[in-house]
Amino acid sequence: MTTVTESDLQTLRDALGPLRGREQIAERLLEASAKHSFDPDKELDWDTLPEDGKWFWPPELVSLYDTPLWKRMSHDQRLELARHEAASLASLGIWFEIILMQLLVRHIYDKPATSSHVRYALTEIADECRHSMMFGRMITWGNGPTYSVPRRYHNMARILKSVSTTPGSFAGTLLGEEILDWMQRLTFPDERVQPLVRGVTRIHVIEEARHVRYAREELRRQMVTAPRWERELARLSCGEAARVFSVCFVNPQVYENVGLDRHEAVAQVRASGHRAEVMQTGAKRLTDFFEDIGVLNGVGRRLWKSSGLLA
């Protein structure tokens with residue numbers, strides 16, 4: 001295969017237009033990081049107590065919202081479910097970000113250590129370290145349990161971290177970042193939600209915007225320059241990741257922990273038109289991007305449809 005150099009990338013295009021150089025993108029992201037980075041330990045008031053009657057997650061984003069079971073639940077039980085789902089999502093976020101940090105380290109392992117591209121990757125890893133600590137602290141602050149993903153998916157991720165190709169890594173990164181980002185953009189301005197939770201989501205949204213840009217630009221580059229087998233593997237692995245992500249999004253244990261029948265709750269979430277619309281709307285910006293750059297093809301597309309994230 002012909003090697004594509006950084007200067008060659010200036011003349012390459014995809015469906016979205018010309019590809020920009022890695023260094024140019026990284027330098028802009030480093031400037032933004034210098035202006036808009038946060039230390040959650042100092043930015044947020046962890047000594048405050050949760051406010052009575054406030055949600056830990058917007059009710060419309062709670063998995064059972066508008067189902068028959070939701071309509072039978074008391075207001076206090078709905079608040080409690082939202083608290084547990086916020087803890088479940090924060091736990092999922094920590095799991096995902098630990099995977100992401102390892103994928104980023106693998107990505108830069110063979111690249112020039114003094115480049116802006118590598119420097120930004122290290123900056124993002126530092127961001128993700130703070131985010132993971134922030135999510136863990138939010139779970140503790142809200143007196144919620146940690147919700148682990150099922151063991152089989154936990155172990156599948158061990159394999160992913162070891163064998164994922166670069167396009168597959170960045171496609172999976174965007175899957176984990178963009179749907180939660182959409183939800184958090186609805187959460188941080190919502191005055192019905194606990195102020196500290198709003199503060200957590202605000203920090204995450206601001207800093208994740210840079211991470212999404214970095215991953216999108218790198219994935220565009222890889223879908224133009226990577227060998228065909230890598231691009232095909234990325235389509236397949238991304239589709240499987242979408243399926244796993246949709247299964248793990250809310251741990252079913254949350255339903256038992258608020259006194260609901262687990263099987264009935266899971267069945268109603270699966271049958272919920274509102275929930276399907278929420279998940280597909282949250283994924284739409286991402287699936288449109290994947291469509292444009294050729295990720296949603298073949299078996300991978302069928303896996304995305306089976307996940308419920310693609311209509």
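At a relative accessibility of 38%, Thr281 counts as partly exposed. Thr281 belongs to helix α13, and the model in which it is described is a predicted one. Helix α13, which spans residues 273-293, packs with helix α9, which spans residues 195-225. A further residue, Asp127, is placed in helix α6.

**Surroundings of Thr281**

- A polar atom of the Thr281 side chain lies 2.6 Å from the backbone oxygen of Glu277.
- Between Thr281 and Leu310 there are 9.0 Å in space, C-alpha to C-alpha, although the two are 29 residues apart in sequence.

**Packing of α9 with α13**

- The packing angle of the two helices is about 25°, and their axes are 10 Å apart.
- Angles under 35 degrees count as roughly parallel, and α9 and α13 are therefore roughly parallel to each other.
- The crossing of α9 and α13 is right-handed.
- From α9, the residues Val212, Arg216, Leu219, Arg220 and Met223 take part in the contact, where they meet Arg285, Leu286, Phe289, Phe290 and Ile293 of α13.
- By class, the residues of this contact between α9 and α13 comprise seven nonpolar and three charged, with no polar ones.

**Asp127 in helix α6**

- Helix α6 covers residues 116-141 and includes Asp127.
- Asp127 has a relative accessible area of 1% and is buried, because buried means under 20%.
- The side chains of Asp127 and Arg130 are joined by a polar contact of 2.4 Å.
- Leaving aside residues up to four places away in sequence, Asp127 touches Ser37, Glu207, Arg210 and His211.

Conventions. Residues numbered from 1 in each chain as written. Predicted model: local features only at pLDDT ≥ 70, side-chain atom pairs only at ≥ 80, totals over all residues. Heavy atoms only, no water. Axes fitted to C-alpha atoms, helices over the stretch in contact; angles between N-to-C directions. Helix = DSSP H or I, 4+ residues; strand = E, 2+ residues; numbered from the N terminus. Parallel < 35°, antiparallel > 145°, perpendicular 65-115°, else oblique. Left-handed = near helix turned anticlockwise from the far one by under 90°. Contact = heavy atoms within 4.5 Å. Nonpolar A, V, L, I, M, F, W, Y, C, P; charged D, E, K, R; others polar. Buried < 20%, exposed > 50% of the residue type's maximum accessible area, 1.4 Å probe, protein only. Polar contact = N/O pair within 3.5 Å; in protein donor to acceptor, adjacent residues only side chain to side chain.
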